[in-house]
Amino acid sequence: MTLAKRMWKARWAYIFLFPALIPFFIFILGPLLAGLRLSFYEARLAEQTFVGFANFVKLAHDEAFLQAIKNTFIFVVVVVPVTVSLSLFIALMVYPLRSSIQGFFRLAFYLPVVASGVVLTMVWLYIFNPTYGLLNYLLSLVGIGRVEWLGRTETALLSLAIVVVSWTLGVPIILFIAGLAGIPKSLHEAAKIDGANSWQEFLHVTLPLLKPTLLFILVTQTISVFQVFIVVLLMTRGGPANSTQTIVYRIYETAFTFFRFGYASAMGVVLLLIVGSVAVIQFKLLGQEVQY
Amino acid sequence: MTNMIETSMTEKRQINTPSQRSGPNLRKWGRKTPWFIGLFLALALALASLLPLYWMIIGSFKIQTNAMAVPPEFWPSAPTLENWQKLLFGRSPTWRWLLNSIAVASISAALAVLTSALAGYAFGKKDFPGRKLLFWLIIITMMLPKQISLIPLFILMRKLDWFNTYQGMIVPWIAYPFGIFLFKQYMQSIPNELIEAARIDGAGELRTFFNIVLPLSKPAIGALSIFAFVAAWNDFLWQLILVTERNMFTLPVGVSKLVSNLSNYNLGLAMAGATFAFIPMLIVFLAFQDYFVKGITLGAVKG
């Protein structure tokens, strides 16, 4: 059968695809490709000139951008492992409970997820206030003195990390609980009969069987944490002294404050390459048990 | 079929809950001590996770001097509705923001679910030239950071003169890669016999889809409607750059302007704004909790 004939025979498939594919090409794939192209242009609001790799060369010497890359990496390296291990820990503790109590925990950790970044950032800004903020007050109860959370280069990025962890735990916890429910009970029993203690059982039964879930969480969390933005915009605007600049915040400022579209697109391409390669490395290291 | 999946999942859960609950002998308690400590920690974390939300709600009932009190007031000493009055009946068009958000999020979700269901059906149940390639394209864009397409999309909106419009805020959501992926996974599990039986009965393609496939996909439709709604509601960055007119702000964008890095913004008003922006999401979550859980797990573990 020729291609045309096969396509005609499958015409209904294309008809079903049509309403999704047209907007997909116009508003998702098209802009993505245009963004790749734009990274090779000096582009502002009206004019565009081809400049080859000039944007990338400039980026390699852009102090603020390099700082943003460094900060973003630190951020990911802190937030992702903390999120993954905390949520695994919570899931393990909560899993044996009856489902109504599990429901309370799910509510507690998932409400911040639905509350949205904007809402929580507004609250945390209040909580972090050095003078009348809740956090410093609570710390003063255990004898820790006043901390300028967002005002000092040493603590600002850490403060943002706390905020992001606080609204990220919900989804991984739900996934881990579902993963735990998928482990056949017979395996746990077999481990007990073999005389394994709880820790050995966790290490040799639970953890290996959770690996696909773990990998999925790791990759999706890494991708999303690399794109940290709202906390930076609403809490620090990249300061103090560039200590909370992140890649996406740089893109936002470059594109929509200074309208340097080509340069900002080049930053986007760098982000894309970083996120892509980190995800590939994670897949390689942890095996490919996650199916699509 | 779909019911089968659900029941098998709940069964597993029941099987896996510990049966030890009945007999509390000393040795078991000893074995369980570390777990109790861990559970206590988890509980502390859960309370810490809720604390900001509590602080926000309480804060919305404090006047500025009380909001800035040291030590902080865990219960407002002089509760006031002043902030809420200012927010809801003052100069900012808060209700308009709420309507904007509802309109944008619900139209986005409706369109996203419809196009995704149709495309998911094609990918899940039909074979056609280009199937693999198209599907991978969609999956890849689902994983990639969106920021790179933001700028060309912004330029496109400028050409179309769609700044400060609903259609501008909605169009990025019409095609919803995660939705296509989820529907494909879900519809694959619908038995072919059901579809063929409908066809033998003389149902056309469209009738088969709308009368057989779609009703069987209700859990996926539910989960995805909620997901798309919340995602479009929280599409902050796009709404922020697209909309400059105060009346066209969405609720999150509007209330975000209530805080500033300066320390003297009106704290109580900001907390009232945050609470108000939180309430619709709270309602959606409480009403559709199961769909959230289903959507999250469907998207991740079903191969």
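Author: Start with chain B, whose secondary structure comes to 16 helices and 0 strands. (Helices are DSSP runs of H or I with at least four residues, strands runs of E with at least two, numbered from the N terminus.) This is a predicted model; local features need pLDDT of at least 70, side-chain atom pairs need 80 or more, and totals for chains, interfaces and linings use all residues. Residues are numbered from 1 along each chain as written, with chains lettered from A and ligands numbered from 1 in written order.

Chain A has 14 helices and 2 strands. Its C-alpha atoms fill a box of roughly 70 × 70 × 30 Å along the principal axes.

Now look at burial. In chain A, 44% of the 292 residues count as buried. In chain B, the buried share is 42% of 303 residues. (Buried means 20 or more other C-beta atoms within 10 Å, exposed 12 or fewer, partly exposed in between.)

Both chains also have contacts that reach along the sequence. Take the contacts of chain A with a separation of 6 or more: 70% of them join residues 24 or more positions apart. For chain B, the share is 77%. (Contact means C-beta atoms within 7 Å.)

Now the core itself. The largest nonpolar core has 175 residues. (Such a core joins buried Ala, Val, Leu, Ile, Met, Phe, Trp, Tyr and Cys through C-beta atoms within 7 Å.) A:Ala91, B:Ala228 and B:Ala274 have the most contacts inside this core. Helix H5 of chain B, residues 94-125, gives the most to the core, with 13 residues.

Pick out B:Ala274. Set aside its neighbours within four places in sequence. B:Ala274 then touches A:Val119, A:Met122 and A:Val123 in chain A. In chain B, its partners are B:Met56 and B:Val255.

Which helix of chain B gives the largest share to the side that touches chain A? First, the totals: the contact takes 84 residues from chain A and 81 from chain B. On the chain B side, helix H2 (residues 26-59) gives the largest share, 13 residues. That side divides into 60 nonpolar, 16 polar and 5 charged residues. (Nonpolar means Ala, Val, Leu, Ile, Met, Phe, Trp, Tyr, Cys and Pro; charged means Asp, Glu, Lys and Arg; the others, Gly among them, are polar.)

Next, go back to A:Ala91. Helix H4 of chain A (residues 63-94) packs with helix H9 of chain A (residues 170-181), and A:Ala91 is one of the contact residues of H4(A). The angle is about 50°, and the axes are 8 Å apart. H4(A) and H9(A) are therefore oblique to each other.

Last, two loops for contrast. In chain A, A:Ala241 sits in the loop between H12 and H13. A:Ala241 counts as exposed, because it has 11 C-beta neighbours inside 10 Å. Its phi is positive, near 50°. A:Pro240 is in that loop too, and the peptide bond from A:Gly239 to A:Pro240 is cis, with omega near -10°.

In chain B, B:Asp161 lies in the loop between helix H7 (147-160) and helix H8 (166-170). B:Asp161 has 9 C-beta neighbours inside 10 Å, so it counts as exposed. Its phi is positive too, about 60°.

Notes:
Contact = placed C-beta atoms within 7 Å. Axes fitted to C-alpha atoms, helices over the stretch in contact; angles between N-to-C directions. Parallel < 35°, antiparallel > 145°, perpendicular 65-115°, else oblique.
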